[in-house]
Structures are given as structure tokens and as C-alpha cells.
Amino acid sequence: MKSRSALRTPHSAFLLISPTWLVLGLLFLAPLAIMLWLSFQQRGLYGGIEPGPTLANYVRSFESGYTIIYARSVWIAVATTMTCLLVSYPVAYYIALKARPERKSLLLALVVIPFWTSFLVRTYAWMFILRDQGVINSLLMSLGIIHEPLPLLYTPLAVMIGQVYAEVPFMVLPIYASLEKLDRSLLEAARDLGAGAAAAFWRVTVPLAMPGTVAGIVLVFIPSLGTFITPDLLGGAKGMLVGNLIQNQFGPALNKPFGSAVAMTLTAFVLALLWAYAGWARRRGEEVAL
Amino acid sequence: MLRAVTWVVYAFLYAPIAVLVVFSFNSERQTAIWKHFTLDWYRVLFRDELIGHAVVNSLIVGVMATVVATVIGTMAGLALARHEFRGKRATMSLLYLPVIVPEIVVGAALVSLFGFIAMRLSLTTVILAHIAFSISYVALVVRARLAGFDRSLEEAAMDLGANRWQTFWRVTLPLIAPGVLAGALLVFTLSIDDYIITSFVAGPGATTLPLQIYSMVKTGVTPEINAVSTLLLVVTIGLIAAAQRLETSKR
């Protein structure tokens with residue numbers, strides 16, 4: 001019997017978990033700590049670093065030229081999230097409450113499959129569709145509807161389309177999960193008590209599906225905020241978002257300290273959002289992993 | 001009405017992918033007007049040495065990252081599912097970090113680390129980065145798999161005289177194998193797809209397939225990109241279908 005208890009000792013737990021601590025410590029926490037340190041240093045010549053400490057990077061990151069970039073990032077993320085919500089709710093509702101039970105798993109799989117394919121390939125697909133010689137413009141011109149190609153690519157609209165396209169599964173799945181658990185007798189009760197279809201939807205379905213809806217909003221908003229590939233490929237030169245700003249500072253602009261300050265600000269904002277979400281969910285008595 | 005909206009959304013999800021695939025077989029190079037069927041772009045692709053080199057790099061990174069992240073992640077999953085230990089809550093938070101922190105920040109942080117310790121960027125730094133962002137996914141999948149795990153089987157094995165290692169290899173591992181394999185396929189898929197983090201930490205000569213595709217896309221849309229995208233789609237969808245099958249089997 002000695003051996004059985006041995007399987008549960010903290011000693012073997014330590015052996016099992018320590019490689020993860022080691023790797024995530026060295027390759028995740030240490031890099032973030034170094035970046036935090038970097039954000040208080042000064043930029044040297046040719047991309048070098050002059051010892052700080054200074055708050056100059058953070059002060060500079062809130063100058064008007066940069067706050068415009070943050071505002072644009074938040075605006076695109078909000079628009080993406082709202083569009084995803086509008087697009088996803090009917091789909092989740094249909095799969096959860098209207099589709100035949102034996103078809104549900106297929107319909108869900110069809111939502112998830114595109115998400116598994118390369119983000120880069122999916123973004124490229126929109127370049128191929130939206131560009132001047134792309135599918136839409138070629139089609140409209142060959143039909144004689146337009147004579148000059150419509151400027152579709154390299155616009156904020158293109159960024160939003162690409163982003164919505166990438167994020168829809170993250171909205172459908174949690175809303176579906178909430179609607180699926182919904183007690184249908186409550187809807188019947190509402191109808192029996194005289195509520196119309198719309199009233200039953202707004203006053204019963206929507207509030208009960210709120211946990212999944214909020215989870216979906218968080219799951220779409222956060223990656224949209226830090227997105228890089230969609231604005232880089234689909235947005236124009238004037239469409240820089242915070243992700244591009246960070247990449248630019250670490251790359252061509254050779255200013256790692258400033259890039260670090262922006263990256264830390266973005267990370268702090270994301271963590272604060274999640275913290276607020278976790279608090280909200282916990283107050284509602286839900287299980288929260290974080 | 002609801003049904004119609006649902007079908008429109010499904011069309012929105014699949015039309016871009018379908019268009020991409022169809023036009024990889026189109027002989028017209030400049031515009032998106034269908035001329036006739038050709039396999040030329042695939043022929044060009046297979047003769048392209050840069051792409052060949054990138055595929056080899058991606059496979060090296062993918063295999064190395066998958067093996068290491070799967071072993072370490074599985075151990076973490078086991079520890080979390082069946083042991084109480086100090087720092088367990090903190091460990092869970094730590095595992096969620098790579099999922100939460102924006103990729104652009106992870107890439108920038110890793111390149112800061114490699115700069116700080118004066119480690120030259122190479123294929124090795126790419127492998128290290130991929131291991132770092134993959135462990136969490138394996139640990140979380142294995143932990144979930146173990147949640148409904150019947151411990152009496154292990155206890156029976158030990159009562160029958162098996163030692164800890166025999167019990168692990170003959171009882172525990174076969175039972176969690178589908179979860180472990182699903183985690184491994186997930187890591188491999190994430191690895192061969194990753195652009196953002198890789199673009200920060202790849203040294204000269206360490207161009208992976210996504211980096212190669214990205215530089216091609218930046219220079220201009222060509223049918224070769226459609227062809228390579230189509231092949232990548234086939235591979236990832238195949239892998240994920242396999243992972244799904246494993247995850248749902250024997251449950």
C-alpha cells in the first residue's frame with residue numbers, strides 16, 4: 001500500500017510540474033520581466049539601449065500621434081465584436097434551439113473547422129477577393145456594373161471583414177453553449193403567461209444566455225485588440241493598429257524600449273479586462289478558470 | 001428566416017476558402033476571371049527551392065516543438081488533474097497566460113529575452129518559442145481528459161502488484177493516450193501555422209513556411225500562393241479531423 005500513496009505525494013507532483021514551471025518561467029515570465037525592464041530604459045544609437053530608468057517611453061506612448069492608434073484599435077475591436085455578435089447570435093440560436101439534434105455536432109464542426117486553418121491563409125483569401133483585380137471587382141467589371149475597380153482592399157472595412165471572419169467561431173461556441181443549457185420550459189412558461197415571441201426572446205432567452213454572450217464578447221474583443229496580420233495585410237498604410245506599432249518599434253524603428261512600453265500597456269489593459277470579466281462571472285456564481 | 005441567416009453565415013465562412021482553392025487551378029495569372037483548369041501553379045511550387053527549404057524548416061520546428069511540449073504538457077496535465085500541491089492555482093494562471101497575452105507581445109518579449117542573453121536568433125530560438133506557447137494547450141487538454149478518469153483501475157493494478165512505472169505505462173498512459181495525441185496534433189497545427197511569434201524570433205536561414213508565404217503575399221498576390229495555401233489547408237484540416245476523432249473516441 002505504500003506505493004499507492006507514493007503516487008499522490010507532493011514529491012511526484014513536484015517532479016511532474018517542475019519542467020512546466022522551468023520552461024514557462026524562462027521562456028514566458030522572464031521575457032515579460034525583461035520587457036518590463038526595457039520599457040523603463042532609453043533608446044540608444046542603432047537600436048541599442050541606454051540605461052534608464054525613465055518614464056519617458058510611457059509618457060511618449062500617450063502623445064496624440066499614438067493615442068489615435070489606440071483609439072483606432074479599440075474602435076476596430078469594438079466594431080468587430082459587435083458585428084461578430086450580430087452574425088453569430090442567429091447561428092448559435094439556430095444550432096441550439098432549432099436544428100435537429102442529430103445534426104448539431106456537424107453544424108458546430110462546420111463553424112469550428114475554418115478556425116483551425118491558417119490565419120494567414122484566411123487573411124490572404126480576403127486579399128484575393130477584395131483587391132482591384134480580385135474576385136469582387138473582376139466580377140462587377142465583367143458584368144459592366146462598374147468600370148473602375150472599387151477601392152475595397154487597404155481600408156478599415158477590409159480589416160474588419162478579415163477580423164470578423166477570423167473571430168466568428170469564438171462568438172458562436174460560447175453563445176451556443178449557453179443557449180443549449182437553457183431550460184426550454186421557461187420559454188414555454190413565458191409564452192403561456194402571454195409574452196409574445198419577441199418579449200420571450202428579450203426577457204428570457206437573452207438574459208439566460210448572457211454568460212455565454214459575455215464570454216464570446218471577451219473572446220473576440222481581446223484578440224482583435226492586439227491583432228497584427230489583418231491590419232498589416234488588409235489595412236492601408238494609414239490603418240496602423242497597436243499590434244503594428246509594437247512590431248514596428250521592434251523592427252524597422254529600432255526602438256525596443258518604446259515598443260516594450262506600448263506592449264506592456266496593451267498587456268495590462270488586456271489583463272485588466274479579463275480580471276473585470278472574471279469578477280463579473282464569479283459574482284454570478286460561475287466557475288472561472290483564471 | 002433564422003435558417004436562411006445561418007446558411008448565409010456558413011457561406012461567408014466557406015466561400016473565401018473555396019474561392020482560394022478554385023483559383024489555384026486557374027490558368028489566368030493577373031485577374032480573378034476563370035480561364036481554364038491548370039496544375040501549373042502546383043508545378044511551379046514544387047520546383048520552388050525557397051518554399052522547399054521553408055517546408056523543411058517548418059517540419060523540423062513542428063516535430064521538435066510537438067515532442068517536447070507534449071511530454072512536458074502531459075506531465076503538467078497529470079499533476080494538475082490528480083495532485084494537490086503548493087502553487088496549484090498560480091500554475092493554472094501561469095498556464096492561461098500564453099493563451100491570453102497577445103501573440104505580438106509574446107513575440108516581442110521573446111526577442112527581448114534572446115537579445116538580453118545575447119542568444120543568436122536561429123531555428124533553435126524558433127523551436128524554443130514554439131515550445132513556450134504550446135505547453136499550455138497540451139496541459140489543459142490532458143487535464144480535461146483526466147477529469148473523468150477512473151482511478152480505481154490504477155489502484156487495482158497496484159493492488160495486483162504493479163509498481164508505479166508499470167501502472168503508468170500499462171494503465172494510465174493507454175487511457176489518456178487519445179487526449180495526449182489530440183494535444184500533440186494541436187501543437188503541431190499551431191506550430192506550422194504560426195506567423196507572428198516566429199517572425200520575431202527567426203534568425204537568417206530559419207524561414208518557416210508561414211514566413212515564406214507572408215513575404216510572398218507582401219510582394220503581391222500570385223496563383224502560386226493560392227496553390228501553397230490550398231496544400232496548407234488540406235494538411236491542417238486533415239490533422240484537425242484526426243485530432244477530433246481521437247478526442248471523441250473512447251470517451
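Does Ala109(A) count as buried or exposed, and with how many C-beta neighbours inside 10 Å? Ala109(A) counts as exposed, with 12 such neighbours; the class covers residues with 12 or fewer other C-beta atoms within 10 Å, whereas 20 or more make a residue buried and values in between partly exposed, the C-beta atoms being placed from the backbone. This is a predicted model, in which local features need pLDDT of at least 70 and side-chain atom pairs count only at pLDDT 80 or more, while totals for chains, interfaces and linings use all residues. Residues are numbered from 1 along each chain as its sequence is written, with chains lettered from A and ligands numbered from 1 in the order in which they are written.

**Chain B overall**

- Chain B has 11 helices and 0 strands, where helices (H or I, at least four residues) and strands (E, at least two) are DSSP runs numbered from the N terminus.
- Its C-alpha atoms fill a box of roughly 70 × 55 × 35 Å along the principal axes.
- Of the 251 residues in chain B, 46% are buried.
- Among contacts in chain B with a separation of 6 or more, 79% join residues 24 or more positions apart; a contact requires C-beta atoms, placed from the backbone, within 7 Å.

**Helices of chain B**

- Helix α6 of chain B (residues 123-147) has 25 residues and should span 36 Å at 1.5 Å a residue, which agrees with the 36 Å between its end C-alpha atoms; the expected span is 1.5 Å times one less than the number of residues.
- α6(B) bends by about 35° at Ser134(B), the bend being the angle between axes fitted to the seven residues ending there and the seven starting there.
- Because 20 of its 25 residues are buried, α6(B) is largely enclosed by the rest of the structure.
- The axes of α7(B) (residues 152-159) and α8(B) (residues 164-193) come within 10 Å and cross at roughly 145°; axes are lines fitted to C-alpha atoms, for helices over the stretch in contact, and angles run from 0 to 180 degrees between N-to-C directions.
- On the α7(B) side, this contact is made by Leu153(B), Glu154(B), Ala157(B) and Met158(B), and on the α8(B) side by Thr167(B), Arg170(B), Val171(B) and Thr172(B).

**Nonpolar core**

- The largest nonpolar core has 147 residues, of which Ala92(A), Met127(A), Phe128(A), Ala108(B) and Leu110(B) touch the most other members; such a core is a set of buried Ala, Val, Leu, Ile, Met, Phe, Trp, Tyr and Cys residues joined through C-beta atoms within 7 Å.
- Helix α8 of chain A (residues 156-181) gives the most to this core, with 15 residues.
- Beyond its neighbours within four places in sequence, Ala108(B) contacts Met35(A), Ile246(A), Phe250(A), Gly259(A), Ala263(A) and Phe200(B).

- Ala109(A) lies in helix α5 of chain A (residues 104-116).
- The C-alpha atoms of Ala109(A) and Arg184(A) are 24 Å apart, with the two residues 75 apart in sequence.
- α5(A) bends by about 25° at Leu110(A), and a proline, Pro114(A), follows within four residues.
- Leu108(A), Val111(A) and Pro114(A) are the buried residues of α5(A), and their cover includes α4 (64-98), α6 and α8 of chain A together with α1 (2-23) of chain B.
- Val121(A), in helix α6 of chain A (residues 119-130), is buried, with 24 other C-beta atoms within 10 Å.
- Not counting residues up to four places away in sequence, Val121(A) touches Ser229(B), Leu232(B) and Leu233(B).

Technical notes
Two residues are in contact if their C-beta atoms, placed from the backbone, lie within 7 Å.
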